Amino acid sequence: MSELRIGVYVCNCGTNIAHVVDAEALLAYAAELPGVAVARGYRYMCSNPGQEMISHDIRELGLNRVVVAACSPRMHERTFRTACRNAGLNPYLCEMANIREQCSWVHSDRAAATEKAKALTRGAVLRVARNESLEGLTADMCPTTLVLGGGIAGLTAALELAEGGVPVVLVEKAEQLGGNLARVDLTAPYFYSARDLLRERLMRVQENSNVTVHLRSQLTSLTGFVGNFDAEIGGNGSSTTSVRVGNVIVATGYREFDAERVTHFGWGKLPNVITSFEFECMLRGGRIEMKDGRLPQYAAIIHCVGSRSAEFHGYCSRVCCMTALKYAHEIKSAVPGCYVSDLYIDMHAFGKGCEDFYRRSSEAKTLFLMYGKGERPVIRRAAAGDDCDMLIEVDEQLSGERIEIPADLVILMVGMEARPDAAEVAHTVNISQDKDGWFIESHPKLDPVATTTDGVYIAGTCASPKDIPDSVAQARAAAGRILARIAKGKIEIDGVFAEVNEALCSGCRICNELCPYSAIEYDLETRRSHVIPAACKACGACVAGCPAGAIKGRHFTDAQIFAQIEGVLV
Amino acid sequence: MGAGKLQVALYWGAACGGCDVAVLDTNEFILEVAKVADIRFWPIAVDGKYQDLEAMADGELDLTLFSGAVRNSENEHIARLLRRKSKLLVAFGSCAHLGGIPGLANLSSREAILATVYQGGPSLEPGSSAVPQTVTAVNGYELELPAFYPRVYRLADVVDVDYFVPGCPPAPAQVKSVLLAVVKGELPARGAVVGAGERTVCDDCTRTKSAKAVKRFFRPWEIIQDPERCLLEQGILCLGSATRSGCGVRCPNSNQGCRGCYGPAPGAVDQGAKFLSAISSIIDSKEPREIEAILGGLPDFVSFAYRFGLPASRLQRRHGG
Amino acid sequence: MSYEPRIVGFLCNWCSYTGADLAGTSRIQYPANVRIIRVMCSARVDPTFVVHALAEGADGVLICGCHPGDCHYSEGNYKTMRRYPLLKRLLAAYGIEQERVRLEWVSASEGQRFADIVADMTERLRALGPCRVRSGLEADLLTR
């Protein structure tokens, strides 16, 4: 190997790093490390001048390795790799030392933090000395896209793609398309008909020859990698369809919270306590009435059923507040004499037009009663002489009084929750669920529709509770990402994968069963195992498991990790 | 001393003599060796004294095959002496190469070992308590014994070693090939393992290999084995996948699992740690209690995985190499 | 200078390393004794890394992976889990205290949990003192 010339760059990150880690001392320390040709600092290494500093030094000082001591590589590894690549240095010859998220932000003792930053930097320097130039591979990108779920998000995504000329396979578990939106009458805040929204989508899907719909079907297996997935779709009992797809959009939606779990509301026992979905059914039928057919004199709507609760789900289900106001409006117009009470914790009116909608609701004389989070309005049957069917007792926050309100009809705004089959879906497509069962996106702020599995996207409520505009936006975003990919034609496979050294492999086959992607094959002729680079995800299980040390984990080799271990133990 | 003949020495440190027997097991070949070499020092086979060694000039010996580990001060002293007197010093056999079976003593302590042997053993007279001393007065004389070190070392922990010949003992065919290589001057770069292969025992083993998923480990007597099939797949412990090739698969061919005497594979740093990883990888379970139950079938795993190489393990070796 | 335990941590990119980053973005404070090495999956952690770290002077080794069932690579963490019992036996044979090597599951959202684990492990290692393996090698009689 020719002489090592390592450039070390210490980022101050404004004061994020510099106010705890002694950046000057770190620079002086780094400059003395083996192989280091230059050590420089800057306020924001990720900025254009910062990146330019690196590029300049690579070109002018002949650097052949770069270490950036800064934030987490999960933030800016790509930034600095790109800077290196643009300056003519292989991007894998760049390492980062995480002295922000894992140092300056978590330690307050300046001396200890600086010592640790030195150790982490030394680890990166010793490691990068062992890094190797790596080149990626290219593979074909199959344009056919698989969309799981035929609700508003799935339909929107399918149409966006199909109208872009892309073949779409739309898989829906139920007997018909439409998802949860098909159970809704009108939408808030503008009272668009859900049926109209859906009908428009459904017609376009039916007319578009690019879309193949599988009803009563599920994805049973997905193997391969982005651009080259093999999907198996099974319909209950009937035969399986195999299809090659390039990308997958998961738009499997949500399930509503089971109101029976909230025993103090009496759903399932009191006949006139219904859920929001049951009320939608009533609205679609065109008549608001009690169980025995009478018109209600008093209606009450209770927010946050199953949501924002320590006992059930901690999150907010986002759509219920505005839907509740929609119900208040609809009850008032259908049954003008009905008194409507709205029991809420907070009014979440964040969307476009929503605050106006809220104001109009209060002007329309809906009685708003605020109760505390964690408190329990209790519903019980009224006595025989009372002029209402039920009584609701609630500790009203604004007046500070415990009050009792009459109700003939109670609508429970049940929240959204993850579907029970979400775990199976996640496992099949290899994505993760968070603690509430929602699918996890690649980055909650910056990458909300991609997942950590390349080629698998998520859209709509399966990722988290959201309203129709957001579901549609995500569906179009995912479709847009895929269209961009297809436009590129080929996909690039990372140069990081496992490689069997045939000179050391004795064909024991211990690695064969270790690969979750079936990326290792055994050749009966040569009696050696080898890895299929395009299918390898570089997890390293085979590398660690090989008893002969015959598998090299590119970019995470034994030599590199040993060097890093030695480096951090200064 | 014959003119132009190779000057050769063989020595045994903490050894059993098996490596010396392996040299003799080359049968008639040893007579060929005698034609081209003078054996100047070989305690088991040839009369001689340490003074003969001390009298030699530095580098006078062309080749020394040092078998056995370094356990006491005598072993160390002679190791250093032989290093000075030899052009080529070869760690010969598992004990010199890796520490060998004596190396398992490093799981105990000197005090515990001496107590067991000299003070607590069932064959001792009750009340025995005499433990060997380095100096003992006897009849007006001072009797000296080598100091028993607190742990076992491999040869390379003490002196620079030129080549390593693995095996317990090295296979006679390999002994022959090494001696021929020395005679012909065809050795590779210094520091190499010679007289061995470049892969693992699996490479030479003719048993069929397929998917490995083990639900139970068996002692050899607990199962009627399939002689055609990989032993590990049948749940019979075999270190072959983690052991350097070259022995001729003598143990699996005798229906016993490989015991690892040829040491780690060329690509491995620590034989026991690598085998630990491999054997854990093939356990067919995801449930912690079941995993523990399956592992319960492994008797004394550490001694098994490091039977020949404990002093050479990453946590015990004295120098990095 | 009083003894400060040095812990080498192997954290998987998708869950535990992200969880440790989350501790950072949340400004959760914990002792500065751990030095983290990123791997893509805890399954990459070869037992050889653990012994190498201890031999190089670490007082403890922390391995973190995703919770069982959540591994980004499907079942990598199960492979890590399977290696652990024998690794513990190895430590016992060397006379290395069990607390020095620890396997924990930390998800991407468990910043606090990561901090708590580091704080707990640091305290335990402080009480145990430096890892004897390192110092044991010095106590020999060889003349060189």
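Q: Where is Pro189(A) found?
A: This is a predicted model, to start with. Pro189(A) sits in the loop between strand E7 (168–171) and helix H7 (194–207) of chain A.

Q: And what is the peptide bond from Ala188(A) to Pro189(A), cis or trans?
A: That bond is cis, with omega near -5 degrees. Most peptide bonds are trans. Chain B has a cis bond as well, joining Cys168(B) and Pro169(B), with omega about -10 degrees. Pro169(B) is in the loop between strand E9 (163–165) and helix H7 (172–184) of chain B.

Q: Backbone again: what is phi at Arg308(A)?
A: Positive, about 50 degrees, although Arg308(A) is not a glycine. Most residues other than glycine have a negative phi. Arg509(A) is another non-glycine with a positive phi, about 70 degrees.

Q: Where are those two, Arg308(A) and Arg509(A)?
A: Both are in loops of chain A. Arg308(A) lies between strand E15 (298–305) and helix H9 (320–334), and Arg509(A) between strand E25 (498–500) and strand E26 (520–523).

Q: Why does Arg308(A) count as buried?
A: Its relative accessibility is 14%, and the cut-off for buried is under 20%. Arg509(A) is buried too, at 17%.

Q: What does the side chain of Arg308(A) make a polar contact with?
A: The side chain of Asp346(A), at 2.9 Å. Beyond its neighbours up to four places away in sequence, Arg308(A) touches several residues, including His313(A), Tyr315(A), His348(A) and Lys373(A).

Q: Different spot. Is Asp140(A) buried, exposed or partly exposed?
A: Partly exposed, with a relative accessible area of 49%. Asp140(A) lies in strand E5 (residues 137–140) of chain A.

Q: Which residues is Asp140(A) in contact with, leaving aside neighbours within four places in sequence?
A: Gly227(A), Asn228(A), Gly489(A), Lys490(A) and Ile491(A). With Lys490(A) there is a side-chain to side-chain polar contact of 2.7 Å. As for separation in sequence, Asp140(A) and Ile486(A) are 346 residues apart, yet their C-alpha atoms are 9.7 Å apart in space.

Q: Now helix H1 of chain A. Which residues are buried?
A: In H1(A), residues 23–31, the buried ones are Ala23(A), Leu26(A), Leu27(A) and Ala30(A). They line one face of the helix, because down its axis they fall within an arc of 100 degrees.

Q: Why would that spacing give one face?
A: An α-helix has 3.6 residues a turn, so residues three or four places apart point the same way.

Q: What do the buried residues of H1(A) pack against?
A: Strand E1 (6–11), strand E2 (36–42) and H5 of chain A.

Q: Last topic, chain A against chain C. How many residues are in contact?
A: 43 residues of chain A with 44 of chain C. The buried area is about 3,800 Å², and carbon and sulfur atoms give 57% of that. On the chain A side, Arg74(A), Gln102(A) and Leu569(A) lose the most area, together 17% of what that side buries.

Q: How many salt bridges are there between chain A and chain C?
A: The count is 2. Arg38(C) forms a salt bridge with Glu77(A), with 2.8 Å between the closest N and O atoms. There are also 21 residue pairs in polar contact.

Q: Which elements of chain A give two or more residues to that side?
A: Helix H3 (73–86), helix H4 (100–104), helix H5 (110–128), helix H13 (541–545) and helix H14 (558–568). H14(A) gives the most, with 7 residues. By type, the chain A side has 21 nonpolar, 14 polar and 8 charged residues.

Note on methods: Residues are numbered from 1 along each chain as its sequence is written. Chains are lettered from A and ligands numbered from 1 in the order in which they are written. This is a predicted model: local features need pLDDT of at least 70, side-chain atom pairs count only at pLDDT 80 or more; totals for chains, interfaces and linings use all residues. Side-chain values use heavy atoms; hydrogens and water are left out. Contact means heavy atoms within 4.5 Å. Buried area is the accessible area (1.4 Å probe) that two parts lose on being put together, summed over both. A salt bridge is a side-chain nitrogen of Lys or Arg within 4 Å of a carboxyl oxygen of Asp or Glu. A polar contact is a pair of N or O atoms within 3.5 Å; within protein, one must be able to donate a hydrogen and the other to accept it, and residues adjacent in sequence count only if both atoms are side-chain atoms. Helices (H or I, at least four residues) and strands (E, at least two) are DSSP runs, numbered from the N terminus. Ala, Val, Leu, Ile, Met, Phe, Trp, Tyr, Cys and Pro count as nonpolar, Asp, Glu, Lys and Arg as charged, and the others, Gly among them, as polar. Buried means under 20% relative accessible area, exposed over 50%, partly exposed in between (1.4 Å probe, protein chains only). The arc is that of the directions from the helix axis to the C-beta atoms.
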